[in-house]
Amino acid sequence: MSQNISQEMRAMAAGLRAQLADAAEAFEQLREDWLRLNPIDILLPCPLCYAPHVDEDEWAHRPHRRHLCLQCGHEWQPANVPTRGVLHLPEEDCDVQPV
Ligand SMILES: [Zn+2]
Ligand SMILES: [Zn+2]
């Protein structure tokens with residue numbers, strides 16, 4: 001009798017673990033989709049020539065991870081998620097002032 005119960009508990013725990021893994025996977029997928037559509041705004045100076053990289057026009061709406069400096073041609077990836085280079089961040093969001 002007690003063995004049956006512990007078997008049931010184990011099966012239940014395994015089921016819960018599987019559900020959790022599914023949920024985590026779904027969440028990760030959702031996060032990736034969200035970030036693809038909503039790139040993170042960031043002050044993005046080129047690491048080589050320090051020219052500010054600003055994603056404008058079509059690039060503002062085409063999220064990308066690797067950015068190409070229009071000044072020196074350097075290509076770099078500042079983060080593991082899509083980012084959008086902006087000239088200014090809303091003041092309340094950031095205390096880093098553009099140089
Ligand atoms: Zn550059
Ligand atoms: Zn860019």
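This tour moves through a predicted model, one selection at a time.

**Conventions**

Residues are numbered from 1 along each chain as its sequence is written, while chains are lettered from A and ligands numbered from 1 in the order in which they are written. Because the model is predicted, local features need pLDDT of at least 70 and side-chain atom pairs count only at pLDDT 80 or more, whereas totals for chains, interfaces and linings use all residues.

**The whole protein**

Two helices and four strands are present, and along the sequence they follow the pattern α-β-α-β-β-β. Helices (H or I, at least four residues) and strands (E, at least two) are DSSP runs, numbered from the N terminus.

Next, colour by pLDDT, the predictor's confidence in each residue, from 0 to 100. The average for the protein is 90, and 89% of the residues score at least 70. Confidence is lowest in H2, with a mean of 91, and highest in strand S3 (residues 75–76), at 98.

Burial can be considered next. A residue is buried if 20 or more other C-beta atoms lie within 10 Å of its own, exposed if 12 or fewer, and partly exposed in between, with C-beta atoms placed from the backbone. Of the 99 residues in the protein, 10% are buried. Two residues are in contact if their C-beta atoms, placed from the backbone, lie within 7 Å. Among contacts between residues at least 6 apart in sequence, 58% join residues at least 24 apart.

**From strand S1 to helix H2**

Select Tyr50, in the loop between strand S1 (40–43) and H2. Its phi is near 65 degrees, a positive value in a residue other than glycine. Tyr50 is exposed, because 12 other C-beta atoms lie within 10 Å.

Proceed to Val54, which also lies in the loop between S1 and H2. Val54 has 16 other C-beta atoms within 10 Å and is therefore partly exposed. Which residues is Val54 in contact with, leaving aside its neighbours within four places in sequence? They are Gly85, Val86 and Leu87.

Now select Asp57, in helix H2. Although Asp57 is not a glycine, its phi is positive, at about 50 degrees. With 7 C-beta neighbours inside 10 Å, this residue counts as exposed.

His61 is the next selection, in the loop between helix H2 (57–60) and strand S2 (67–68). His61 is exposed, because 11 other C-beta atoms lie within 10 Å. Display Arg36 as well: it is 25 residues from His61 in sequence, and the pair are 10.0 Å apart in space, C-alpha to C-alpha.

**Beyond strand S4**

Finish at His88, in the segment after strand S4 (83–86). Is His88 exposed or partly exposed? With 13 C-beta neighbours inside 10 Å, His88 counts as partly exposed.
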